[in-house]
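Please look through the sequence and the structure below, and keep both in view while you read the paragraphs that follow.

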Amino acid sequence: MASSVGGDAGEGEWLKVAELRAMAEAQESHVKEVDNMTLRRFLRARDHDVSKASAMLLKFVAWRREAVPGGFMPAEQVRGELSHDKARMGGVDRAGRPVVFAFPAKHFSANRDMAEHKRFLIYLLDKICARIPRGQDKFMCVVDLKGWGYANSDVRAYIATIEIMQSYYPERLGKALMVHVPYIFMKAWKMVYPFIDANTRAKIMFIDDKNLDETLRQEMEESQVPEIYGGKLTLIPLADD
């Protein structure tokens with residue numbers, strides 16, 4: 001059901017949310033099931049242009065109904081992806097945003113099934129978004145490319161990831177730290193970069209190895225820094241979350 005929680009939005013923004021709801025509901029009754037906080041994210045993703053936000057929202061509602069007909073993605077549909085342990089849940093950053101850690105070196109393009117990859121993205125994003133506390137609406141991601149090589153390069157999967165995040169989970173990513181980045185990864189990055197919108201680009205930071213320890217401790221309390229980076233936190237496999 002729709003929510004009237006205000007967060008840090010001003011009255012003018014909530015008036016636009018109401019306008020967005022009216023416009024979208026006139027074309028698709030299922031928009032009634034979308035809460036106001038979600039509508040606000042779509043509105044912000046389109047710089048408060050109600051018409052553009054409505055088009056984006058309607059596309060999302062249609063996609064969600066087809067991609068996740070039961071309302072959630074069952075683990076049984078992503079067992080193959082889960083078995084590779086490509087992502088783990090962390091704690092929170094200093095802003096209170098939940099943190100997810102991704103390990104692209106555990107992904108191999110040769111045995112990737114694109115349909116399951118997309119289902120896995122939904123499973124992962126729904127999991128991390130469910131951890132976002134009241135009063136916060138974003139998460140942080142640490143992408144650890146240690147051990148990444150040509151066998152892991154999968155531009156099609158990277159583009160699919162970006163498109164799903166930008167189109168269907170707008171304004172959810174707060175910051176992404178790219179760490180242990182090998183030089184050869186930049187060839188793949190150059191092919192992916194044009195598909196990343198300006199808002200998302202501004203949230204992505206490449207961290208030099210020499211600055212990693214300092215950066216993680218700037219972003220997180222010591223208790224929230226994972227053991228693999230010299231901290232105290234044990235990361236949680238998605239399958240166990």
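R112 touches H107, H117, D154, R156 and A157, where a contact means heavy atoms within 4.5 Å and residues up to four places away in sequence are not counted. This arginine, R112, lies in the loop between β2 (98-102) and α5 (114-130). Because its relative accessibility is 18%, R112 counts as buried, a word that here stands for under 20% relative accessible area, with exposed meaning over 50% and partly exposed in between (1.4 Å probe, protein chains only).

The model is a predicted one, in which local features need pLDDT of at least 70 and side-chain atom pairs count only at pLDDT 80 or more, while totals for chains, interfaces and linings use all residues. Residues are numbered from 1 along each chain as its sequence is written, and side-chain values use heavy atoms, with hydrogens and water left out.

Turn now to the helices, which are DSSP runs (H or I, at least four residues) numbered from the N terminus. Helix α1 (residues 11-25) packs with helix α3 (residues 50-67) at an angle of about 55°, and their axes are 9 Å apart; the axes are lines fitted to C-alpha atoms over the stretch in contact, and angles run from 0 to 180 degrees between N-to-C directions. On the α1 side K16, E19, L20, M23 and A24 take part, and they meet V50, S51, A53, S54, L57 and L58 in α3.

Helix α3 also packs with helix α6 (residues 155-168), at an angle of about 115° and with their axes 9 Å apart. Here M56, K59, F60 and W63 of α3 make the contact with Q166, S167 and Y168 of α6.

Terms used. Helices (H or I, at least four residues) and strands (E, at least two) are DSSP runs, numbered from the N terminus.
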